[in-house]
Amino acid sequence: MDRDRFPIDPWRLTERIASEEKVGLAETIFTVANGYLGMRGNSSEGRQAHEHGTYINGLHEVWPIRHAEQAFGFAEVGQTIVNAPDAKIMQLYVDDEPLVLDIAELLTYERSLDFADGMLRRELLWLTPAGKRVRVRSDRMVSFVERHLAVMSFEVTVENADASVVISSQLLNRQDGEDEFGRTVAADAPAGFDPRRAQRLAERVLQPVDYWQHGDRSALSFRVTHSHMTLSVVVDHVLETQNEFSASASIAPDIAKHVYQVRAKAGVPVKLTKVAAYHTSRSVPPRELLDRGQRLLDRVLADGVDEQRRLQREWLDGFWDRSDVEIVGHPELQQAVRWNLFMLAQAAARADSSGVPAKGMTGSGYGGHYFWDTEIYVMPFLTYTSPLFGRNALKMRERMLPAARRRARQLNEGGALFPWRTISGEEASAYYAAGTAQYHINADITYAIAKYVRATGDADFLARGAIDVVVETARLWTTLGFWRRTGGSSFHIHGVTGPDEYTTVVNDNLFTNVMARFNLRYAAESVRIVADQFPEAYARMVERVQFEEAEIGEWERAAEAMVIPFSESFGIHPQDVHFLDREVWDLANTPPDKLPLLLHFHPLVIYRFQVLKQADVVLALFLLSDEFSDEMQRADFDDYEPLTTGDSTLSAVVQSIIAAEIGYRDLALEYFRHALFVDLDDLHNNAGDGVHVASTGGVWSSLVYGFGGMRDAGGHLTFDPRLPSDWPELRFRIQWHGTRLAVRVRQDAFIVDVLEGEPVEFEVRGERYVAEADSTLTVPLLGQGPHLAGRPSSEQFSTSRRDDGSLMTASLPIVGVDDWTTDEDPT
């Protein structure tokens, strides 16, 4: 990071230079959100921006997906997040001179996002063309306590002269093509192809319904054209000043204005406080939503906005007490870690049974869709630090179960098939090879449920409805897979795509098969738990899903016979049964400007090669570590590491964890730093479209699972730390069956304190220990595990031969690529 612009501060992200460089990045990383409502870090003046954004979780429009060549079962209805009306705008005029940041003469400037109180603050000193020094202080907060509420303030002091000061506060529908000056804004997509960006809609999205203005309060409401969702925004204002002032207001269907004209005396401040209430629904009429907004603002103003700030600080005190991770002696890393954890809170805390979008509420990237990111990358953090948030996130999948059942029928399968990407619950992936074919999402969801139940002991969650998800996902595998009885019985799963989207529609993908096996086994286990502990709930489940006890045996037989690909010749697990037949992509000699591959090569070119977008087999090594020996982990990691591009931000965190476990200490730290700064330093050049929320969750996993060495296979808590050599101490907190633990990892000791709750049993490097309240447990450590220098290289392929005797060599698909030269013979 540019440390002149973004100095190091362990509890704040601060910007000290107002720059037009990477404006989109700054908007993203200074977002304030709560999991329901998010406001990008646009300036209060509301003028130039990469993307003016105010987003509400689940607020979306639908549109028909038009396939060039339609086929049965293709996704038919696209979904994309809607940009909600913008309440951030508070424009300033001094003697009719507007404050425009990109041309104003700023004598001082500082903007900061405070992780401790959740406030985005900005202070600047503006020298006007007339020589007047104007100090402007503003702040912005999206409440974690009142999830529909945003609070903003804008304070102006003309320090050296009297002046005419005008503050124009606006509420503006930006979604439908006009800016704050009434100019039409083109809805064209940004230049360049990038499938990760949101769909741009040309027709009007928000249809005005009711709008009104009373005194300092305004309201706009809308109905989304095709999804028929409803939306209301109510804003109110309080002006505080000893100066004389007058106020005027105006309103139209897409914009509300409140203009305050002040005769400002030198040194006498003018402070405008603005509160906004956002409400959405799939069924409630806009007028009712407006009433809810009014009641919320009445309550907030009666208590005072300072009370909301106090409650915000209190909420975040609790969050950090549960969630903080400390890297002693490394303030640069500490700042980035806390920013990542704060982004997790902003993405998930108040999602309240909605999903966690891939970009949270920080941008429109990936169309606001929910993916498997939540279950595999975000849920571990939620489960171990804020279990209620995790429970709420999993409830989203319960609500989607009816649509998942319909999707399974459409694809001729039993049980349920959850969508690869969605907002509404319907499949929205137009490219089935890298979308719908990722059937592993079923097992990912069940895996997250199992992790939550085992870590919390909350079997009641299973009994109350999650068991339906577990049963229906297991049923899908028994119809999708098939038996072969040649030389023994084996169970296969064909025509699927694993996490690696550079290898699609394959047979017996290892990740899919081992996760499906987990799904089947856990379904049998959880049905027995519910039957034993909650007999009445079990009876209701049997009736709801038409369950038959014989299914348990069917699941267990399929799991036992599941084919897990393994090559005796190479001593590794192939990613799928034909993976080793492909040519090897020579990543070492691939020019950096040809990455990511998905933006430079047709999918068919990529699919012909052994090359990975992200960890696939290596992810299986992490999630199901108890099913792979140390020797197998080393062999598989060494094989796949040189083939992995890291084109996906989901990859570095997993590679860091396994590298740490195996002993590639420097490599583990390299991958961790990449994940830690992937957004803060815009390492993938798309942070302007929003935070990579899954990577922020992966940062926590890298710290706790990777360097902290935690594992929880089968519901048993174990630790085998791998602390980097220049870290004196790593500290983190987790909850296990309701007990809160504080863990400290040092170079020579593993230390646990019970902060609250019952004794907890766990293992450290194979030895059993019990941590109890009112005493500190210290376990001596002899080193930090094995130490392997360097990193695996592609040189191993130079002598590798396939089963048919052919030599496996690395090559490049260079024909037809402009300006791509290499000194190597491509064959």
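Mentor: A helix axis here is a line fitted to C-alpha atoms over the stretch in contact, and angles run from 0 to 180 degrees between N-to-C directions. Keep in mind that this is a predicted model.

Trainee: At what angle do the axes of helix 5 and helix 6 cross?

Mentor: Find helix 5 at residues 373-385. Its axis and that of helix 6 come within 6 Å. They cross at roughly 145°.

Trainee: Which residues of helix 6 does helix 5 meet?

Mentor: Start on the helix 5 side, with Thr374, Glu375, Met379, Leu382, Thr383 and Thr385. By class, this contact has seven nonpolar, four polar and two charged residues. The helix 6 partners are Pro387, Phe389, Gly390, Ala393, Leu394, Met396 and Arg397.

Trainee: How do helix 6 and helix 8 run, roughly parallel or roughly antiparallel?

Mentor: Helix 6 covers residues 387-399 and helix 8 covers residues 440-456. Their axes lie 11 Å apart, at an angle of about 150°. Angles over 145 degrees count as roughly antiparallel. Helix 6 and helix 8 are therefore roughly antiparallel.

Trainee: Is the crossing of helix 6 and helix 8 left-handed or right-handed?

Mentor: Look at how helix 6 passes helix 8. The crossing is left-handed.

Trainee: Which residues of helix 8 does helix 6 meet?

Mentor: Helix 6 brings Pro387, Arg391, Leu394 and Arg397. The contact has seven nonpolar, one polar and two charged residues. On helix 8, the partners are Ile441, Ile445, Ala448, Ile449, Tyr452 and Thr456.

Trainee: What kind of aromatic pair do Trp372 and Tyr377 form?

Mentor: The structure holds 36 aromatic pairs. In this one, the ring centres are 5.7 Å apart and the planes stand at 90°. Planes over 60 degrees apart count as edge-to-face. So Trp372 and Tyr377 are edge-to-face.

Trainee: What is the angle between the ring planes of Phe547 and Trp555?

Mentor: Both Phe547 and Trp555 are buried. Their rings lie 5.9 Å apart, centre to centre. The pair is tilted, with the planes at 40°.

Trainee: Is Leu703 buried or exposed?

Mentor: Leu703 lies in helix 18, residues 693-707. Its relative accessibility is 0%. Buried means under 20%. So Leu703 counts as buried.

Trainee: Which residues is Leu703 in contact with, leaving aside its neighbours within four places in sequence?

Mentor: Contact means heavy atoms within 4.5 Å. With those neighbours set aside, Leu703 is in contact with Val325, Ile327, Val337, Phe672, Gly708, Trp727 and Leu730.

Trainee: How far apart in space are Leu703 and Ala537?

Mentor: In sequence, Leu703 and Ala537 are 166 residues apart. In space, C-alpha to C-alpha, the distance is 38 Å.

Conventions. Residues are numbered from 1 along each chain as its sequence is written. This is a predicted model: local features need pLDDT of at least 70, side-chain atom pairs count only at pLDDT 80 or more; totals for chains, interfaces and linings use all residues. Side-chain values use heavy atoms; hydrogens and water are left out. Helices (H or I, at least four residues) and strands (E, at least two) are DSSP runs, numbered from the N terminus. Angles under 35 degrees count as roughly parallel, over 145 as roughly antiparallel, 65 to 115 as roughly perpendicular and the rest as oblique. A crossing is left-handed if the near helix is turned anticlockwise from the far one by less than a right angle, and right-handed if clockwise. Ala, Val, Leu, Ile, Met, Phe, Trp, Tyr, Cys and Pro count as nonpolar, Asp, Glu, Lys and Arg as charged, and the others, Gly among them, as polar. Rings of Phe, Tyr and Trp (its six-membered ring) pair if their centres lie within 6.5 Å; planes under 30 degrees apart count as stacked, over 60 as edge-to-face and the rest as tilted. Buried means under 20% relative accessible area, exposed over 50%, partly exposed in between (1.4 Å probe, protein chains only).
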